[in-house]
2 protein chains.
Amino acid sequence: MQKIALDTITEAVINHGDRGKSHPRLYEIYTSLVRHLHDFVREVNLTQSELQQGRNFLNSASHHTQEIPTGEIHVLTDLLGISELVELLHDAHRSTESNLEGPLYVPNAPERQMGDRLGIDTEGDSLFLSGRVLDLNGQPIANALIDVWQPNSKGLYDVQEPSQPLGNFRARFKTNKSGKYMFETVVPLGYKVPSSGPSGELLGLLGRHPWRAAHIHFKLSAPEYTPLTTQIFIAGDPHLDSDTTFAVRSAIVELQKHEALDELKAHNQSKLFYTTEFDFVLKPATLSSREL
Amino acid sequence: MQKIALDTITEAVINHGDRGKSHPRLYEIYTSLVRHLHDFVREVNLTQSELQQGRNFLNSASHHTQEIPTGEIHVLTDLLGISELVELLHDAHRSTESNLEGPLYVPNAPERQMGDRLGIDTEGDSLFLSGRVLDLNGQPIANALIDVWQPNSKGLYDVQEPSQPLGNFRARFKTNKSGKYMFETVVPLGYKVPSSGPSGELLGLLGRHPWRAAHIHFKLSAPEYTPLTTQIFIAGDPHLDSDTTFAVRSAIVELQKHEALDELKAHNQSKLFYTTEFDFVLKPATLSSREL
């Protein structure tokens with residue numbers, strides 16, 4: 001019999017039912033989450049009206065908006081550092097650092113060719129990004145798939161701005177036989193995470209700014225390698241030290257500015273442009289992060 | 001500067017911004033919740049795909065259905081014992097135990113008179129419920145407002161069954177000058193919490209049954225007294241020991257069965273009926289639960 005009192009209710013919840021006989025991992029997660037949520041409630045002596053505000057918050061946070069078509073719950077886990085913590089727990093330090101996907105990934109981006117431009121943006125500064133995809137021994141990985149997405153020079157993704165065609169600044173590339181990739185894009189701008197919903201309101205009440213440092217998202221995959229999701233950040237961004245999703249670690253690239261006439265001509269550019277390089281390192285599919 | 005790594009990310013989240021200068025209580029709650037959620041993530045070594053399943057779960061749990069017009073988030077807090085834990089934390093032991101409101105309260109129930117019947121249900125067994133509202137010294141409280149709601153004899157609330165008129169088995173009564181109340185209703189049936197959504201699926205995966213023990217909900221208020229939200233449970237219900245919201249504590253009433261002809265006649269009943277009594281005790285508005 002469950003005897004419900006302050007000192008028994010947590011165990012009563014955990015022991016209700018068959019204790020996860022058919023889904024042991026789910027039960028492990030559930031047990032830990034229940035204990036920690038109950039500890040939290042006790043620690044702050046949560047009141048009925050505060051609990052109700054929490055319920056209302058979660059209800060609102062699931063409403064889908066134009067800013068975040070997949071809903072705010074994803075944003076919320078990013079803002080609370082939970083998404084980045086999960087990355088850190090499963091990261092393998094000898095490969096390129098993994099990083100959070102964010103809520104704006106869209107599968108099946110346009111397939112583009114080596115050297116292609118990623119999207120239309122007449123105002124931004126062009127950026128030529130190139131590099132290689134390598135294995136842990138520094139050997140090139142040919143035909144690796146690079147899925148890239150980023151905001152434009154105003155800090156907006158295609159799905160957030162009706163004037164951008166869908167697929168703008170999204171692409172899938174293959175590396176060549178030397179493991180090389182190269183594409184032209186614009187220098188992305190850092191942006192505020194959507195702030196019209198409850199997550200933005202929470203940040204405001206907490207005195208937290210909503211800025212993300214400028215970055216480009218990547219997903220890489222190749223047969224026999226562990227898929228990698230990551231972001232690279234642009235050196236000099238004012239929010240590198242305080243990105244509101246806690247995602248900035250080591251993958252920061254310096255941009256080289258080019259404005260000499262011969263350089264403009266060689267790259268077929270009419271105004272200044274930037275270049276930078278970044279090599280990605282993938283680990284084999286057979287090694288889990290704990291074995292590395 | 002925030003240096004993001006496994007051993008620094010939790011403090012980075014908590015120290016992002018002005019540390020709650022303008023909303024200290026919100027910051028206290030946020031800090032504790034972030035610490036406990038991060039501890040949970042570390043403890044179970046949560047993976048990216050498990051985090052995504054969690055996000056999907058919360059997104060689905062906020063969809064509103066006919067079964068739960070206010071959304072499943074409320075149900076979820078009940079099923080995880082969080083709602084009852086909050087009740088226990090703020091309960092005052094000398095008054096009637098407070099208990100969770102549940103997701104099916106509707107304000108502005110019909111005002112009814114002493115002795116009135118609460119609703120239409122041709123199949124159920126009639127129940128005459130009476131008692132008094134008292135203060136901590138056992139003195140009657142006149143003109144106390146009693147707001148009562150319950151499911152019918154099939155375990156369904158008015159908002160869950162289109163054939164019931166809205167307001168069925170809901171009422172607001174006033175106590176008389178002796179603090180007395182009395183009304184006629186049906187014996188409520190225990191019921192399964194809504195199981196068509198993700199909360200029901202979670203219970204199933206965990207091997208937890210979805211049953212609530214039969215109960216009647218009350219909200220009581222009177223000038224100069226602390227409002228009370230509670231439930232009374234029907235003795236003999238098979239789920240008194242395992243109510244899936246962990247709400248069954250001491251407020252359990254025994255029903256007296258009446259089937260003798262003279263009793264039927266005296267109560268104007270054509271078939272067997274039940275009676276029971278319950279006295280509510282309110283504490284003064286000036287005393288917090290910690291002072292009692």
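Modeller: A salt bridge is taken here as a side-chain nitrogen of Lys or Arg within 4 Å of a carboxyl oxygen of Asp or Glu. The model is predicted, so local features need pLDDT of at least 70 and side-chain atom pairs count only at pLDDT 80 or more, whereas totals for chains, interfaces and linings use all residues. Residues are numbered from 1 along each chain as its sequence is written, chains are lettered from A and ligands numbered from 1 in the order in which they are written, and side-chain values use heavy atoms, with hydrogens and water left out.

By the salt-bridge rule, A:Arg55 and B:Asp78 are joined through their side chains, with N to O at 3.9 Å. Between chain B and chain A the count is 4 salt bridges. There are also 30 residue pairs in polar contact between the two chains, both residues being at pLDDT 80 or more. A polar contact is a pair of N or O atoms within 3.5 Å; within protein, one must be able to donate a hydrogen and the other to accept it, and residues adjacent in sequence count only if both atoms are side-chain atoms.

Helices are DSSP runs of H or I of at least four residues, and strands are runs of E of at least two, numbered from the N terminus. Helix 2 of chain B gives the most, with 18 residues. By class, the residues on this side of chain B divide into 33 nonpolar, 27 polar and 17 charged. Ala, Val, Leu, Ile, Met, Phe, Trp, Tyr, Cys and Pro count as nonpolar, Asp, Glu, Lys and Arg as charged, and the others, Gly among them, as polar.

In total, 77 residues of chain B are in contact with 77 residues of chain A, contact meaning heavy atoms within 4.5 Å. The area buried between the chains is about 7100 Å², and carbon and sulfur atoms give 64% of it. B:His16, B:Leu206 and B:Phe246 supply 9% of the area that chain B buries against chain A, more than any other three residues. Buried area is the accessible area (1.4 Å probe) that two parts lose on being put together, summed over both.
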